[in-house]
Amino acid sequence: MMIRKRYIRPAIYHYFPMGDKEMMHATEEQYRTKISFRDYEASSSLYVQMFDQKFDVPPSKIYRPDAKLMDANRLLVEGSFEANLPIGTRIEVYYMQYNKTKRIVNLKKRYNLKSDTFSFREEIELEKGAEFFKLAFKFYLTDSSYEEPYIVMNDAWLSLFADEPLDEKDEEDEEDDAHVI
């Protein structure tokens, strides 16, 4: 059964450059976060994280209501971003779970960019004791001659489930229970 569905707006206050921050610039355009990459090298550490704080600790108190996993045992994460990056760019997506003080699970998925829109959808079994969630993207940009590389975040959905397996019918039936953040 679905407990709650959270809509995470793509606004700038939800996304944070991490790693080599000086090589990324965040702006907001029409209520959407745009991350521009500049002066990077192939070895640069280019991350964008949903919610704040370092990777190894849960989000700060201001974001905890948005990142709270409630009594769920499964989480469905869905979303996308527009990408002005070279086709074939490697992207890693990190699905991170936290207890009150530290990260307890770090699930990593690797992809290669295939078009100008990158979509992600992952159903995650939640670790016992997991209370909060964060999402991060790592970009492996190797072509420094690529003109104006950037991403623009689109909507993200965090759907929390308890006990029953994910069912497309249940997802449609519960659409009215969405919580906009």
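Select K100 and E131: they form a salt bridge, with the closest N and O atoms 3.8 Å apart (the term needs a side-chain nitrogen of Lys or Arg within 4 Å of a carboxyl oxygen of Asp or Glu). This pair links distant parts of the chain, with K100 in the loop between β7 (90-98) and β8 (103-112) and E131 in the loop between β9 (117-125) and β10 (132-140), 31 residues apart. Strands here are DSSP runs (E, at least two residues), numbered from the N terminus. K100 counts as exposed at 55% relative accessibility, while E131 is partly exposed at 22%. Buried means under 20% relative accessible area, exposed over 50%, and partly exposed in between, with a 1.4 Å probe and protein chains only.

Before you click on: this is a predicted model, where local features need pLDDT of at least 70 and side-chain atom pairs count only at pLDDT 80 or more, while totals for chains, interfaces and linings use all residues. Residues are numbered from 1 along each chain as its sequence is written, and side-chain values use heavy atoms, leaving out hydrogens and water.

How many salt bridges does the structure hold? There are eight. Go next to E122 and K109, whose side chains meet at 3.5 Å, N to O. E122 is buried at 14%, and K109 is partly exposed at 28%. Now pick R90, E92 and R110, which salt bridges with shared partners join into one network.

Then try E29 and K34, another salt bridge, at 3.7 Å, N to O. Buried or partly exposed: which is K34? K34 is buried, at 16% relative accessibility, whereas E29 is partly exposed at 41%.

**Stop three: the rings**

The whole structure has twelve aromatic pairs. Show Y111 and F118: their ring centres are 5.5 Å apart and their planes at 70°, so they pair edge-to-face. Rings of Phe, Tyr and Trp (its six-membered ring) pair if their centres lie within 6.5 Å; planes under 30 degrees apart count as stacked, over 60 as edge-to-face and the rest as tilted. Y111 is partly exposed at 26%, and F118 is buried at 6%.

**Last stop: charges over rings**

Finish with K5, whose charged end sits over the ring of W157, 4.9 Å from its centre (the cut-offs are NZ of Lys or CZ of Arg within 6 Å of the ring centre and within 35 degrees of the ring normal). Then select R64: its charged end sits over the ring of F132, 4.7 Å from its centre.

Conventions:
Helix = DSSP H or I, 4+ residues; strand = E, 2+ residues; numbered from the N terminus.
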